[in-house]
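Hi,

Here is the structure I said I'd pass on.

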Amino acid sequence: MLTYQVCDFDDLQLLIAEEDGHIVFVGWHPEFGGAVTMKNKNTPLIEACRRQVGEYLAGERQVFDLPIAFTGTPFAQRVYRALIQVPYGELVSYQWLAEQVGSHPRPVGTAVGNNPLLLIVPCHRVLGKHSLGGFSAGMELKYRLLELEGHTLRADKKDLAQPLAR
């Protein structure tokens with residue numbers, strides 16, 4: 001059975017869901033498609049995820065240590081497996097990520113935009129070739145996460161103050 005809890009983090013509200021002992025969703029409530037059988041309940045795993053997300057947002061955690069299960073198409077799961085390898089504070093381009101999974105940037109961008117494990121699978125670390133790219137959770141949160149991880153944005157917030165390494 002899918003179990004979920006809506007968790008508050010200061011000015012941010014996320015829904016965290018687990019199924020069969022794995023975190024399967026961290027994101028916005030409206031994005032959560034849900035399942036036929038769901039239960040609103042706080043579990044030890046959801047609580048561990050809530051604690052780790054809170055530590056990350058407070059700048060006290062760089063790596064998540066949670067059992068997760070990737071969902072989505074086999075291609076999307078390949079993208080998520082590659083993306084989860086991008087370390088805290090590092091940024092990559094859609095082109096670089098596409099090369100890692102043997103694809104093109106456009107379908108990679110679609111998979112990244114459908115990431116069900118926000119923050120844990122760090123889609124905010126993927127940037128466009130000539131811009132910050134998009135972010136399904138909203139650009140204000142992307143700015144906040146990039147700055148949390150030590151990146152300086154230009155005053156207009158349309159790009160980084162420093163060039164993208166890869």
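**What I found**

Start with Glu55: its side chain and that of Arg61 are joined by a polar contact of 2.8 Å (a pair of N or O atoms within 3.5 Å; within protein, one must be able to donate a hydrogen and the other to accept it, and residues adjacent in sequence count only if both atoms are side-chain atoms). Glu55 sits in helix α1, residues 44–57 (helices are DSSP runs of H or I, at least four residues, numbered from the N terminus). Apart from neighbours within four places in sequence, Glu55 touches Glu60 and Arg61, where contact means heavy atoms within 4.5 Å.

Before you go on: this is a predicted model, where local features need pLDDT of at least 70, side-chain atom pairs count only at pLDDT 80 or more, and totals for chains, interfaces and linings use all residues. Residues are numbered from 1 along each chain as its sequence is written, and side-chain values use heavy atoms, leaving out hydrogens and water.

Next, the helix pair. Helix α2 (residues 74–83) packs against helix α4 (residues 105–113) at about 80 degrees, with the axes 9 Å apart (axes are lines fitted to C-alpha atoms over the stretch in contact, and angles run from 0 to 180 degrees between N-to-C directions). α2 and α4 are therefore roughly perpendicular, a word used for 65 to 115 degrees. On the α2 side the contact uses Phe75, Ala76, Val79, Tyr80 and Leu83, and on the α4 side Pro107, Val108, Ala111 and Val112.

Cheers

Conventions:
Helix = DSSP H or I, 4+ residues; strand = E, 2+ residues; numbered from the N terminus. Parallel < 35°, antiparallel > 145°, perpendicular 65-115°, else oblique.
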